[in-house]
Amino acid sequence: MNREPVRHIGPEELAEQGRFAALVQAHHSRPRSYHIVTYGCQMNAHDSETLAGTLSGMGIANAPRREEADLVLFNTCCIRDNAERKALGNITWLKEIKKKRPHMLIGVCGCMMQQRGMAETVLKQYPFVDIAFGTGSLYRLPEYLYLAVEEKRRVIDVSREESTIAEGLPVLRESPFKAYINIMFGCNNYCAYCIVPYVRGRERSRRADDILREAEALVADGVQEITLLGQNVNSYGNDTGEIPFAQLLRRLEATGIPRLRFMTSHPKDLSNELIEEYARNRALAPHLHLPVQSGSDNILAAMNRRYDVRTYLDRVDRLRAARPDIGLTTDLIVAFPGETEEDFQQSMALVERVRYDSAFTFIYSARTGTKAAGLPGQVAPDVASERIERLIAVQEGITREVLHSLRGQRMGILVEGASARRQSQMTGKCGRNISVNFTGGHEGLVGRIVPVHITGAGSNTLRGEYIKEEETT
Ligand code: SAH
Ligand code: SF4
Ligand code: F3S
């Protein structure tokens with residue numbers, strides 16, 4: 001178990017990084033452009049926004065194509081074997097480009113780098129990689145660049161510093177009207193299959209005041225939707241003894257943010273207060289991502305999830321009673337070691353019972369160092385593929401039915417832009433986080449939440465018509 005203490009990065013350390021940033025900026029062979037390739041979950045997406053914020057603050061411009069950038073950063077994920085292989089394949093691809101552009105700097109960061117020995121392996125096997133660093137030391141990017149540019153050194157940060165909290169880092173948002181806020185980092189749950197607790201450090205919550213200040217600044221900047229991030233947001237505050245998650249949501253509502261989301265929730269920690277909050281908090285979007293992983297009590301126990309199917313279903317029912325329009329989504333793993341056909345049937349039955357809007361389904365992937373990697377009863381790959389296909393087919397049918405049942409409703413849509421398929425239509429997301437393409441809108445609606453009448457449904461999107469606001473009362 002990881003017992004590394006939480007370390008707050010102080011103003012002196014950030015000021016030191018500011019000095020490195022200035023030195024890099026003044027350097028004749030500094031990188032002029034950057035490109036970040038991001039894998040994995042929203043945590044990584046948001047970390048990339050922080051890396052981008054740091055780089056643009058140093059006067060380095062974003063390059064839309066990686067082969068044209070002076071600095072390419074790969075922000076990696078190691079949740080499953082294929083995530084790792086994809087990253088390594090893309091890093092290898094860049095080797096040929098770098099032969100023609102030898103000044104190019106290549107950095108690899110993110111969760112993969114936090115695995116024991118991985119950063120050393122990458123530097124050894126990929127000699128064209130210049131910089132490797134982990135998830136807890138993003139704030140030191142200016143220093144790494146300084147060492148690479150000024151001292152022409154290959155930089156490898158193997159301090160395995162993961163349990164840090166750094167406040168006040170610059171963020172360059174992907175979207176002008178949607179934002180992420182990290183409310184906590186790390187995970188203490190040690191689900192038997194999962195690598196995250198080993199690569200993201202122990203659970204640590206940010207102070208509520210820091211979170212609120214960040215939210216207020218985003219609201220003042222015109223942000224319409226905030227997604228709170230944490231591996232297990234329901235245990236927010238457990239480590240600091242400050243306010244619990246439901247109260248944090250209440251205080252965030254008071255900032256005036258029109259739409260509030262969060263992920264991810266662990267079912268075992270879903271409190272009654274949070275269920276009640278769904279009934280009263282008008283900023284909270286009618287959506288909850290509640291990963292169930294399996295519908296078999298035996299498998300849930302082997303996964304160390306610490307809830308059973310009955311408890312899960314009870315919470316689902318109470319959520320729906322509190323907020324009848326709530327849309328649920330989930331994650332499911334098939335072929336966990338020891339999963340029998342009967343266990344799998346129970347996952348199918350659970351999906352039919354809950355009727356999720358959609359589900360992310362994964363074939364179990366053994367991760368070195370986790371408990372499940374050493375379990376007997378690994379399921380054969382052909383059985384695993386056959387199971388996941390059956391599960392996907394069932395969920396696709398349910399998704400179609402759920403979407404059709406939403407016809408006739410009037411929904412608030414946060415407009416993102418013109419529809420990629422039909423330029424005459426606009427597209428955006430409803431509170432349930434489903435994409436809606438609609439007619440009657442225009443570019444001026446982008447970044448606003450507008451009323452749309454739902455008229456039809458496809459396999460995973462809705463269709464609708466804009467209700468002109470002067471017509472609404
Ligand atoms: N903290 C989140 C999930 C993080 S990982 C939570 O607890 O729900 C996202 C999803 O990846 C998990 O919900 C799980 O379904 C899947 N996953 C994690 N480790 C996996 C593994 N070793 N093999 C297959 N899927 C995995
Ligand atoms: Fe992984 Fe479980 Fe933590 Fe989620 S709660 S990150 S699945 S260990
Ligand atoms: Fe991947 Fe790390 Fe997220 S392992 S899923 S990027 S926390």
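# Notebook: a walk through a predicted chain

I started at Ala 335, which counts as buried because its relative accessibility is 4%. For that word I used these cut-offs: buried is under 20% relative accessible area, exposed is over 50%, and partly exposed is in between, with a 1.4 Å probe and protein chains only. Before going on I noted that this is a predicted model, where local features need pLDDT of at least 70, side-chain atom pairs count only at pLDDT 80 or more, and totals for chains, interfaces and linings use all residues. Residues are numbered from 1 along each chain as its sequence is written, chains are lettered from A and ligands numbered from 1 in the order in which they are written, and side-chain values use heavy atoms, with hydrogens and water left out.

I looked up the phi of Ala 335 and found a positive value near 70°, in a residue other than glycine. Ala 335 sits in the loop between β15 and α12. I placed Tyr 190 in the loop between β10 (184-185) and α6 (196-199), and at 15% relative accessibility it counts as buried. I kept in mind that most residues other than glycine have a negative phi, and most peptide bonds are trans.

Which residues does the cis peptide bond join? I found Met 263 and Thr 264, with omega about 5°. Thr 264 lies in the loop between β13 (259-263) and α9 (272-280). With a relative accessibility of 18%, Thr 264 counts as buried. I then listed its contacts (heavy atoms within 4.5 Å). Leaving aside neighbours within four places in sequence, Thr 264 is in contact with Gly 230, Gln 231, Asn 232, Val 233, His 289 and Pro 291.

**Entry: aromatic rings**

My pairing rule takes rings of Phe, Tyr and Trp (its six-membered ring) with centres within 6.5 Å; planes under 30 degrees apart are stacked, over 60 edge-to-face, and the rest tilted. By this rule I counted 10 aromatic pairs. I picked Phe 336 and Tyr 364: their ring centres are 5.5 Å apart and their planes stand at 70°, so the pair is edge-to-face. Phe 336 lies in the loop between β15 (327-334) and α12 (341-354), and Tyr 364 in the loop between β16 (358-363) and α13 (381-405), so the pair ties together parts 28 residues apart in sequence. Phe 336 and Tyr 364 are both buried.

Is Ser 424 buried or exposed? I read a relative accessible area of 62%, so Ser 424 is exposed. Ser 424 lies in the loop between β17 (410-418) and β18 (426-429). I also checked Ser 424 against Val 37: the two are 387 residues apart along the chain, and their C-alpha atoms are separated by 31 Å.

Gly 447 is in the loop between β19 (435-439) and β20 (449-457), and at 13% relative accessibility it counts as buried. Not counting residues up to four places away in sequence, Gly 447 touches Phe 177, Gln 224, Leu 414 and Val 415. From Gly 447 to Pro 376 I read 51 Å between C-alpha atoms, for 71 residues along the chain.

Glu 469 is in the segment after β21 (461-466), and at 30% relative accessibility it counts as partly exposed. Leaving aside neighbours within four places in sequence, Glu 469 is in contact with Arg 448, Val 450 and Pro 451. Glu 469 and Val 450 are 19 residues apart in sequence and 7.8 Å apart in space, C-alpha to C-alpha.

**Entry: stepping back to the whole chain**

I counted 13 helices and 21 strands; these are DSSP runs numbered from the N terminus, with helices H or I of at least four residues and strands E of at least two. The radius of gyration is 23 Å, close to the 23 Å that the globule rule gives for 473 residues, so the chain is as compact as a globular protein of that length. That radius is taken over C-alpha atoms, and the rule is 2.2 Å times the number of residues to the power 0.38. Of the 473 residues, 55% count as buried. Among contacts between residues at least 6 apart in sequence, 75% join residues at least 24 apart.
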